[in-house]
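Open the model in your viewer and keep the selection tool ready. Each stop below says what to select and what is there.

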Amino acid sequence: MGNPSGVRRGLASLTLKHAALIALSFLAVFPLYWMVVTSLKPEAEVFTSSLLPAHWTLDNYVSAWNSIPMGRMLLNSLGVAFAQTATQLFTAILAAYAFTRWEFRGSGLLYGLIGLTWLVPFQVIMIPNYIVISGLGWRDTLLGLIVPNIASAFAVMQLFNTFKSFPKTLIEAAHLDGASDWSVLWRTIFPNLRASIASIGILLFITAWNDYFWPLLVTTKLENSTMQKGLQMFISSEGSMWGTLMAATTLASLPVLVLYLVLQRQIIDSFVKGGLR
Amino acid sequence: MSLHQLAQPQVAPVPDVKQRKARGRRLRGLKPYLYLLPVLLSVGYWIYRPLVQTFRLSFYQWNLLPTSPQTYVGWQNFQNLVTLPEVGKALANTLIYTLGVIPFSLILPIIIAIATDNIGKRSRNIYRALIFLPMIMAPVAVSSVWRWIMHPTNGILNQLLMSVFGLEEPIRYFTDERWAIWSVTFITGWKLIGFSTLIFSAAITGINKEYYEAARIDRASWWQIIRHVTLPLLSPTILFMAMLSTLFASEWSFSYINVLTQGGPLSSTTNVYYLLWTYGFQSFNVGVSSAAAVMVFVGFGIIALGFMKLTKKLSFFDN
């Protein structure tokens with residue numbers, strides 16, 4: 001590798017690689033950058049293409065906050081996302097435990113039935129579910145948003161893989177000490193797998209926060225809807241107040257972006273491991 | 001609905017020792033099912049029950065009002081579907097979305113992943129974090145941002161194209177029927193490309209380096225190594241991503257269609273999922289919507305089965 005032309009070629013190809021990656025990164029990040037920058041520009045500057053505001057302002061946030069019930073929608077979104085994440089984790093932990101702890105009749109079939117649900121698109125089942133929620137009088141309620149989502153097939157399958165790797169000998173040992181099945185789960189397995197469970201939880205939280213289809217159907221009033229549904233209604237009513245709109249969009253993305261800023265390594269890993277749903 | 005409460009039996013206080021033995025064996029057999037109950041009830045009630053109901057509703061005529069009657073019409077809804085002109089349009093558009101997303105879900109990610117293999121670890125992590133960002137963004141927020149960037153007169157994209165590249169007429173990305181579907185496809189792909197790239201990078205990193213060594217000793221050229229070593233070893237991943245993108249491209253584009261174009265202009269951006277939506281919740285034609293849902297479910301189900309078969313066939317490549 002001592003000849004200079006080889007070195008030069010290596011350098012050239014390395015530069016090319018970085019150039020390609022920088023271009024891709026730019027494509028990925030620029031829209032978000034533009035969202036934040038536009039939201040911080042005063043009205044007079046919004047239509048200029050300057051890459052930074054000449055005068056920074058939070059006016060757009062104030063006007064977004066005042067023109068739609070932003071506080072309520074953020075609280076709704078947080079409530080729904082937390083409740084969904086917690087119930088989905090809880091039900092999935094129980095299911096994953098059952099599948100990995102015992103051999104029982106029909107386990108393969110039941111696992112298959114749970115796993116196959118990813119083949120059922122939301123739009124195929126939305127009308128019957130909508131009818132049930134309407135019949136219960138749960139439209140425009142948080143209950144109507146949360147209850148249909150208390151179990152996640154994705155969470156079950158992810159946790160199944162996590163639980164499978166848990167050493168059987170530790171379970172046996174706890175069992176010999178007289179621990180019940182329930183306490184084996186929560187005293188022995190759960191504390192040890194806390195990190196993986198948390199990273200699956202983060203994924204579930206992001207999914208719940210970003211969900212749009214179900215709130216779109218179930219909620220009609222802004223003050224009862226989640227951030228995503230509210231943002232869509234804002235777009236269709238005040239679509240050309242760009243500064244305000246970008247402020248609302250930034251707020252609707254903020255919790256997820258903050259999570260990502262802190263935990264991007266885990267988030268990326270669990271997405272790559274877990275596929276899309 | 002008290003699905004939580006139904007999950008409770010297993011926390012009931014332990015019965016005293018005498019009863020324990022008698023009931024013990026029976027309970028032991030039931031235990032796994034009790035632990036599974038919450039998930040099974042939820043999945044059964046919120047996914048399989050509605051699925052069956054959709055099949056049933058596809059044979060009825062109904063306008064979604066609880067007070068109005070459901071009339072049995074046999075196969076008529078399906079016959080209507082075949083004759084409706086927008087169905088053909090929606091099917092053709094579904095195909096466009098499916099094929100249009102492939103460069104973003106397969107071709108570019110594979111090229112980028114191969115080209116950027118063995119780059120320094122630290123810079124790789126920085127790129128990963130940046131490229132992945134669109135994946136975690138909410139579809140509505142993504143629509144909102146691109147709607148601003150691609151605004152015909154005030155958006156920065158047209159401003160740039162006009163000032164730097166001498167574009168004369170501003171492009172109306174979402175209201176020009178020649179452009180709209182490609183704009184929506186692009187946004188769908190934009191959200192996906194980072195994720196796919198990372199999946200392929202991870203797969204390439206997992207390839208045993210000895211294969212490359214062996215190929216290099218055989219004096220294989222760079223292209224021969226990619227063609228005969230990398231790509232075959234990547235084939236399970238390629239198949240997996242191809243399946244995901246075929247099955248879900250149209251579903252992913254739904255949010256962008258609903259927020260940005262509502263299927264227009266002149267139904268140039270509608271697809272099968274959006275059609276279900278408009279039949280169900282705009283024209284309140286539950287029968288036709290359910291019939292279309294059945295067709296979509298069966299159609300994509302067959303495609304999924306095909307992919308699974310292929311995966312099984314190819315899986316021996318892995319070892």
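A crossing is left-handed if the near helix is turned anticlockwise from the far one by less than a right angle, and right-handed if clockwise. Helices here (H or I, at least four residues) and strands (E, at least two) are DSSP runs, numbered from the N terminus.

This is a predicted model: local features need pLDDT of at least 70, side-chain atom pairs count only at pLDDT 80 or more, and totals for chains, interfaces and linings use all residues. Residues are numbered from 1 along each chain as its sequence is written, chains are lettered from A and ligands numbered from 1 in the order in which they are written, and side-chain values use heavy atoms, without hydrogens and water.

**Stop 1: two crossing helices in chain B**

Select residues 139-149 of chain B, helix H6, and residues 222-261 of chain B, helix H10. Their axes come within 9 Å and cross at roughly 45°. Axes are lines fitted to C-alpha atoms, for helices over the stretch in contact, and angles run from 0 to 180 degrees between N-to-C directions. H6(B) and H10(B) are therefore oblique to each other. Angles under 35 degrees count as roughly parallel, over 145 as roughly antiparallel, 65 to 115 as roughly perpendicular and the rest as oblique. The crossing of H6(B) and H10(B) is right-handed.

Now show side chains. H6(B) brings Pro139(B), Val140(B), Val142(B), Ser143(B) and Arg147(B) to the contact, and H10(B) brings Ser255(B), Tyr256(B), Val259(B) and Leu260(B). Contact means heavy atoms within 4.5 Å. By class, the contact of H6(B) with H10(B) has 6 nonpolar, 2 polar and 1 charged residues. Ala, Val, Leu, Ile, Met, Phe, Trp, Tyr, Cys and Pro count as nonpolar, Asp, Glu, Lys and Arg as charged, and the others, Gly among them, as polar.

**Stop 2: along H10(B) to H11(B)**

From H11(B), pick Tyr273(B), Tyr274(B) and Trp277(B); their partners on H10(B) include Leu247(B), Phe254(B) and Ile257(B).

**Stop 3: the loop between them**

What is the phi of Gln262(B) near? Phi is near 50°, a positive value in a residue other than glycine. Gln262(B) lies in the loop between H10 and H11 of chain B. Pro265(B) is in the loop between H10 and H11 of chain B too. A cis peptide bond joins Gly264(B) and Pro265(B), with omega about -10°. Most residues other than glycine have a negative phi, and most peptide bonds are trans.

**Stop 4: where chain B meets chain A**

Show both chains. The contact takes 91 residues from chain B and 88 residues from chain A. The two chains bury about 8500 Å² between them, 78% of it on carbon and sulfur atoms. Buried area is the accessible area (1.4 Å probe) that two parts lose on being put together, summed over both. Select Tyr35(B), Trp46(B) and Trp148(B): they supply 10% of the area that chain B buries against chain A, more than any other three residues.

How many salt bridges are there between chain B and chain A? The count is 2 salt bridges. A salt bridge is a side-chain nitrogen of Lys or Arg within 4 Å of a carboxyl oxygen of Asp or Glu. Finish by zooming in on Lys31(B) and Asp181(A), which form a salt bridge with the closest N and O atoms 2.9 Å apart.
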